[in-house]
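This briefing covers a few local features of one structure, grouped by topic. Please read it alongside the sequence and the coordinates.

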Amino acid sequence: MDYSFRKIEKKWQKNWKESGSFKSTVLIDKKKFYVLEMFPYPSGKLHMGHVRNYSIGDVTARTRRRQGFNVLYPMGWDAFGLPAENAAMKANVHPAKWTYSNIDTMRSQLQALGYSYDWDREIATCHPKYFRWEQKIFQEMYERGLAYRKTSYVNWCQDCATVLANEQVENGQCWRCGSTVEQKELVQWFFRITQYASELLADLEKLKEGWPEKVLTMQRNWIGESFGARVKFALETPCNGTDHIEIFTTRADTLFGVTFMSLAAEHPLALELAKGTELEGNVREFVLKVRNEDKIKRSSEDYEKEGVFTGAYAVNPLTGDRIPIYIANFVLMDYGTGAVMAVPAHDQRDYDFARKYGIDLKVVIKSEDSPATPDEMTCAFVDDGLMVNSQEFSGTPNREGINGVVERLEREGSGGNTVNYRLRDWGISRQRYWGSPIPMIHCEKCGIVKVPLENLPVTLPDDVNWADHKSGSPLAAHPTWKHVKCPSCGSDALRDCDTMDTFMESSWYFLRYTSPRFEEGPFDKEAANYWMGVDQYIGGIEHAVMHLLYARFFTKVLRDLGYVDIDEPFNRLLTQGMVTMVTNRCESHDWLLPSEVTADGNCVHCSKPVNQGRVEKMSKSKKNVVDPVAYIERYGADTVRFFMLSDSPPERDLEWSDSAVEGSHKFIQRVWKLFTDALELDYFNQKASPAKDGILKTAHKAVKKVTADMNRFHFNTAIAEIRVLFNELGSNQPKNPPEMSAHAAALWIGIQLLNPFAPHMTEELWQLSGRSQSLVTAPWPAWDEELVSDSTFLLVVQVNGKLRDKIDVPVDADAAIVEEIVKKSPKIAEFLEKGTLRKFIYVPGRLANLVIN
């Protein structure tokens, strides 16, 4: 019987769809399991990185269903985003048309792979029925002070003509297009994520059992909790309506050693302090230069320290000393207040700066052998010691002196204890079209006014001329869309022309899946409380900070708004590795097949040298993607799925290999032949009881091992065990009815274990063998403890450390009995006849080593 995988796969995909095999409903009396992959952006076509991610999820969902769980396994589309807008400008096609066309293509590809999604729950975040609730949530956050507007310096990508969050800037470049990011002052909407910083940090403890430690560490570092003090330095001359500058420090013990203050170029007073003075021009030039420098480089230890004096002075609150104020390139607004008290005697960065610009040093901490005066110093003294030149605190161990200094600041009204976070509020305004409009109206009389609830969603205008539009916000440029009447007073007003950051949509989509057609709110609370949190979330490590942090924040906000009763969205997280491939490239051709490289290593097309054997991440940007559709057509979906999980653990990278895919296909074909041969030989209709040794023992051991591996996401070792079982089935032919029955039983077990990886073929074989119940709902196989328990084990026997024999030994044999059995082995007896046994070493259950002279 031929293995017609195309026919079989279409048959079972149709069967599953028509029977609603994967539909999920709330069943209060049944334990639920919510498995979810990070949903894709509809870019046009799947690549093998997608296939690996979704295969992990599907194997998990299929296994948990058969283990008795009520499984929710949905799919949808993170459908807003800049690529659609760029495509619109390039091809003069509306972003919606481009997006929905891509969704249709990618949906068909996912369905061709046989993934067990509940397609009735499909969502697209660009649909008004989705983002209307997002707009309502925004308004509720505004009412609670969690959404607010302010002027700030933002990361601006000129090529994309939009603002980027800090997390979207990578090495000073736009994460999307790679262009250099500039600093630009704009009025923006922000979410007050800092209000939840403490809880976001503390609740990471709840995730320790289910999240990778690497991700937890990345989130802790990004939130960046620091305990310290806030200190007010009075300005000698008030500036721009303020009479002081506040700093944050973890080293209040060094406050008596401050000799200058440094401000970030983005600080609100950076340009104001020198205004109207002869230094204004120099300060402005320096500030504008630094604002466009890479922030990561500015904060690195080896970056050259530069600054400019503003001409202004502050006053040390404890000493009354006059403190010159500089703008420094190494100070960032992203930490503390953007102002730093500089103690050059005890901070190396400040030391380098002070020496460069001729600023005084003052020693305020000293050990027995550290320099006593600035003239003796060749670098900053950064170790602990006794406080000196510190008024009443002189002679106090510096770490003990911190609390006393802070208490004095509090008494004198100049500061106090505080907790600082590296985390900054989330800027969500984007100057683009293809996103959810911000549902607010700006009225000259009434200020900022909410769009009335009955007018939500605020939708996007369809009549944008994409052929003429090149950059900036199409909404701001639209002649009519932005003009409205104020809901409060009826006067002419303007819509807010920004759209929301697309991370907004991905911050709550997992909740919408629990009731995607719910019309009375973002989602049904009862359904959300039943299904949430997500029991297994799957996605790339690149989302460890942005998406996961925002989703956690949003879940807590929705809890506080009364929508849901959970604190955390994702109980367990698996970050899958990348799909890589060995590539061949030359100057003129991005990707060459081995057949396109000559024997002497040149390109057959242009004769230029080829860079061979380079391992790269498979991605569209590198133009080295492998089209899943071509491989599905050639080998079948089951082969592709099986290979994607067979060669390495999910959390590690997988190297793509055509030969390995071919090997997976041959294995699938071999399983088909073994089973259909058994059907033809009538193994499945034997009346004799199966022999309870040999192949049946192997099968039950496989059940136990594969079950444990599946529960731990060790899919590659589960597949290895399945291979062992089928290899033994192929090498041992039954000789009598009991052995035939055992062979049939082992084959049934084998295809049940293989089913999550190769669902189409196994469903067909299951049906051919006379089983009426689909494997979708068939219980996961159980093992017989008697069959998996061995009375003997295979002992490795060494002589002088070299392998000489393998012997079956009773599992309950003690060392003396084992020694007797080993000595009776003909292979070992030869060595004993030729020499003298000096020592018998036994490692229980594993090996014996005889030391013979």
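The structure, which is a predicted model, holds two cavities of 30 Å³ or more.

**Cavities**
- The largest cavity has a volume of about 90 Å³, and the residues of its lining divide into five nonpolar, four polar and three charged.
- Among the residues that line the largest cavity are C160, C174, W175, R176, R432 and D501, together with G81, T162 and Q168.

**Sheet and packed helices**
- Four strands, in the order 32-31-34-33, form an open sheet in which the pairing is mixed; strand 32 (802-810) and strand 33 (837-843) are the edge strands, each of which pairs on one side only.
- Neighbouring strands of this sheet are turned against each other by 20 degrees on average, with direction ignored.
- Strand 31 (residues 792-799) and strand 34 (residues 847-852) run parallel and are joined by four bridges, and V797 stands opposite A848 in strand 34.
- Helix 24 (residues 815-823) packs on the sheet, where it touches strand 31, strand 32, strand 33 and strand 34, and its direction makes about 120 degrees with that of strand 33.
- Helix 25 (residues 826-834) lies across strand 31, strand 32, strand 33 and strand 34, and runs at about 125 degrees to strand 32.

**A loop residue**
- S515 lies in the loop between helix 13 (509-512) and helix 14 (525-531), and S515 counts as buried because its relative accessible area is 12%, which is under the 20% cut-off.
- Leaving aside neighbours within four places in sequence, S515 is in contact with R121, F523, D524 and A527.

Terms used:
Residues are numbered from 1 along each chain as its sequence is written. This is a predicted model: local features need pLDDT of at least 70, side-chain atom pairs count only at pLDDT 80 or more; totals for chains, interfaces and linings use all residues. Side-chain values use heavy atoms; hydrogens and water are left out. Helices (H or I, at least four residues) and strands (E, at least two) are DSSP runs, numbered from the N terminus. Buried means under 20% relative accessible area, exposed over 50%, partly exposed in between (1.4 Å probe, protein chains only). Contact means heavy atoms within 4.5 Å. On a 1 Å grid over the protein atoms alone, a cavity is a set of points where a 1.4 Å probe fits but cannot get out, and a pocket is an open set with protein on both sides within 12 Å along at least five of seven lines; lining residues have an atom within 4 Å of a point. Grid points are joined across faces, edges and corners, and a volume is the space filled by probe spheres set on the points. Ala, Val, Leu, Ile, Met, Phe, Trp, Tyr, Cys and Pro count as nonpolar, Asp, Glu, Lys and Arg as charged, and the others, Gly among them, as polar. Two strands pair if DSSP finds at least two bridges between them. Axes are lines fitted to C-alpha atoms, for helices over the stretch in contact, and angles run from 0 to 180 degrees between N-to-C directions.
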